[in-house]
Amino acid sequence: MEQPFRMNNNGQISIVLNAQKRNAATKELPKSPPTEVKPKPTDHEALKEIEDELGTLVGMDEMKRMIKEIYAWIYVNKKREEKGLKAGRQALHMMFKGNPGTGKTTVARLIGKLFLKMNVLSKGHLIEAERADLVGEYIGHTAQKTRDLVKKALGGILFIDEAYSLGRGGEKDFGKEAIDTLVKHMEDKQHEFILILAGYSREMDYFLSLNPGLHSRFPLVVDFPDYTIDQLMDIGRRMLDEREYTLSHEAERKLREHLAWVKSSLGPTGFSNGRYIRNIIEKSIRAQAMRLLLDNQFERHELVTLRSNDLILNEG
Ligand SMILES: Nc1ncnc2c1ncn2[C@@H]1O[C@H](COP(=O)(O)OP(=O)(O)OP(=O)(O)O)[C@@H](O)[C@H]1O
Ligand SMILES: [Mg+2]
């Protein structure tokens, strides 16, 4: 299979691309008119695979567009290089802003996989960290801990959740040392790993206002909006599908009404979007199992159907 992108010499990142020319095949086919452009079925295979994976996520239009843009940019850079033009290199560090359960962790994991496919990353793994993983207890400890994490993330993604908490303690706090160390590494090793800082929108904006130098270092800022009721229902249906369950009509109506109520009664940061739906589904599946056991009902239709009484909706 033709690889659209290749590794550079140190095996890290392939934005500088070096695809082999494939003239050999055309030489062996003297009957083809020389001007005929042979379709290359594998050409955008990586993009197709990526689109399939992205297709499993509900909504997220901005993020999906961004990924395609990155793909196009890398691909065109390869073509430019083939023509002897300068191929750009650009850091791909990102900032994810969004409320709880809006899919930030899910997307970070997916981006690791996708960038591996696109040969932007050599490993594509995700190292998840939070304040406690970065910040140490004495002078120098933080820099060491942060450096170690970056090292583990090389070839993949370092994902720092609730990143704003690093800016929490002010000047004397070791969080500041962690930020400084991160900034240094994201420049020095900018093509060897991708740093993603994630957190709730308001806190991240505040964090950036405290660290004015940071903003420009993250060329890709992605907003993760709250889901609409329709999107939440869609996410729920996909989760159920995956587990081979479905909702009865009555259960579906009840869930929809409940979501509308919870979404309006909990504030925007109180509602945990996709995670909220997942919790309901998991609890309800257990409740259904109990009901079936008590009723001694094990027909196929019963095994797959969650009824309105199975829905456990008492969560705040
Ligand atoms: N667009 C989506 N399509 C399908 N499932 C989704 C989507 N967004 C979130 N989910 C599901 O919702 C759950 C929560 O998502 P995830 O953990 O990625 O959110 P998060 O933004 O990282 O949350 P937190 O800020 O609380 O860490 C997961 O089970 C995930 O699979
Ligand atoms: Mg998360």
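Residues are numbered from 1 along each chain as its sequence is written, and chains are lettered from A and ligands numbered from 1 in the order in which they are written. Because the model is predicted, local features need pLDDT of at least 70 and side-chain atom pairs count only at pLDDT 80 or more, whereas totals for chains, interfaces and linings use all residues.

The chain contains 12 helices and 7 strands, which are DSSP runs numbered from the N terminus (helices: H or I, at least four residues; strands: E, at least two). Of its 316 residues, 30% count as buried. A residue is buried if 20 or more other C-beta atoms, placed from the backbone, lie within 10 Å of its own, exposed if 12 or fewer do, and partly exposed in between.

The largest nonpolar core comprises 49 residues; such a core is a set of buried Ala, Val, Leu, Ile, Met, Phe, Trp, Tyr and Cys residues joined through C-beta atoms within 7 Å. The largest share of this core, 6 residues, is supplied by helix H4 (residues 104–117). Ile157, Leu158, Ala163, Ile194, Leu195 and Ile196 have the most contacts inside the core, a contact being a pair of residues whose C-beta atoms, placed from the backbone, lie within 7 Å. When residues up to four places away in sequence are not counted, Ile196 touches Met94, Phe96, Ala108, Ile157 and Phe159.

The buried residues of H4 include Lys104, Val107 and Ala108. The end C-alpha atoms of H4 are 20 Å apart, which agrees with the 20 Å that its 14 residues should span at 1.5 Å a residue, the expected span being 1.5 Å times one less than the number of residues. Just after H4, Asn119 takes a positive phi of about 60°.

Around ligand 1 there are 19 residues, of which Gly103, Lys104, Thr105, Thr106 and Gly274 come nearest; a residue is near a molecule if its C-beta atom, placed from the backbone, lies within 6 Å of it. H4, helix H9 (229–243) and helix H11 (273–295) each supply at least two residues of this shell. At least three residues of the shell are drawn from each of domain 1 (24–224) and domain 2 (229–310), with bounds from an automatic or database domain assignment.

Technical notes
Two residues are in contact if their C-beta atoms, placed from the backbone, lie within 7 Å.
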